[in-house]
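Here is a short tour of one protein model, written to be read with the viewer open. Have the sequence and the coordinates at hand, and let us walk through a few residues together.

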Amino acid sequence: MNKIPKPILITLPILILALAIYFSGQYLQKKADTQFSKTEVKKIVPVKVVATSKKIKVDSFKRFDIEDNHKGEKSAYRFPSTRNVRAGLVFEMNQGKTLWSTNSNKSVPVASLTKCLTVLTVLNHIKNNPEYSLLDQVLISKSSMKTSSSSFLRKYPKDTISIEELLISAMVKSANDSCQLIAEHFGKGDPKVFIAMMNKQAQELGMTQTKMSNAHGLPFNREKPELDNHSSMSDLLHLVRKSINDYPIILKWTSKREALLPA
């Protein structure tokens with residue numbers, strides 16, 4: 001009987017131990033993530049709107065005037081090369097300070113950042129129309145499931161989904177199909193009605209460099225970028241700050257590690 005070489009006898013136990021440590025670590029990490037997700041899943045009580053005769057000014061939140069190219073400011077941050085950046089902005093939320101920006105007031109094509117306006121439009125509509133609720137169930141349409149670059153709704157195990165879950169999937173998974181279903185639902189079957197609501201919301205917020213053509217941000221035609229959704233960095237900054245200020249629940253949604261499907 002041949003003897004097993006000594007190097008193999010030494011290496012084999014180490015390899016087995018390493019595999020055991022790896023797989024036990026994977027198991028513990030998955031268990032911790034699942035527990036974290038369960039503690040984060042909470043239902044939201046719809047906001048009740050009290051009728052008032054006074055007209056509320058929508059844009060009551062302070063808007064920042066962004067100055068471009070803060071090259072003279074000393075900062076501990078080290079930014080990557082910005083030679084090919086068409087437009088950009090780095091803003092410190094706590095101090096309310098622009099750390100870096102270029103062409104921040106220029107309207108440029110945007111993709112999934114569109115979803116920030118989609119979510120705010122829905123939340124404001126629910127707030128101003130008590131007949132709607134985050135817990136409302138929406139029938140999943142075949143047209144929404146056909147939305148490109150997304151497969152969230154095709155994997156959803158039920159025929160209906162709540163508005164809250166649609167918003168979470170839009171923010172966490174960047175689900176284009178969820179945004180399409182949102183547009184169909186709030187547009188009462190016509191997504192263009194919801195797109196008009198989004199553009200009206202942008203105007204009311206003073207987002208003068210913003211024009212939306214869909215609720216998800218997918219491009220229409222590579223050869224005609226002028227048809228795509230457009231916005232500016234300063235507009236988007238104002239949108240995000242306004243959204244977080246009015247609806248802090250957004251931070252709970254975006255802090256999720258994963259969006260769990262129901263059993």
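N103 is partly exposed, its relative accessible area being 33%. Please keep in mind that this is a predicted model. You will find N103 in the loop between β2 (97-102) and β3 (108-109). Its backbone deserves a look as well: phi of N103 is near 50 degrees, a positive value in a residue other than glycine. As background, most residues other than glycine have a negative phi.

S149 sits in the loop between α3 (142-145) and α4. Is S149 buried or exposed? With a relative accessibility of 61%, S149 counts as exposed, because the cut-off for that class is over 50%.

| Residue | Relative accessible area | Class |
|---|---|---|
| N103 | 33% | partly exposed |
| S149 | 61% | exposed |
| Q180 | 18% | buried |
| K242 | 6% | buried |
| D246 | 31% | partly exposed |

In general terms, nonpolar side chains in soluble globular proteins tend to be buried together.

Not counting residues up to four places away in sequence, F186 touches V122, H125, I126, Y132, I163, F194 and M197.

Q180 lies in helix α6. With a relative accessible area of 18%, Q180 is buried, since the class takes values under 20%. Leaving aside neighbours within four places in sequence, Q180 is in contact with S144, T147, P191 and H216.

Finally, some electrostatics. How many salt bridges does the structure hold? The structure holds 1 salt bridge. D246 forms a salt bridge with K242, and the closest N and O atoms are 3.3 Å apart. The two residues are 4 residues apart in helix α8, so about one helical turn separates D246 and K242.

How values were computed: Residues numbered from 1 in each chain as written. Predicted model: local features only at pLDDT ≥ 70, side-chain atom pairs only at ≥ 80, totals over all residues. Heavy atoms only, no water. Contact = heavy atoms within 4.5 Å. Salt bridge = Lys/Arg side-chain N within 4 Å of Asp/Glu carboxyl O. Buried < 20%, exposed > 50% of the residue type's maximum accessible area, 1.4 Å probe, protein only.
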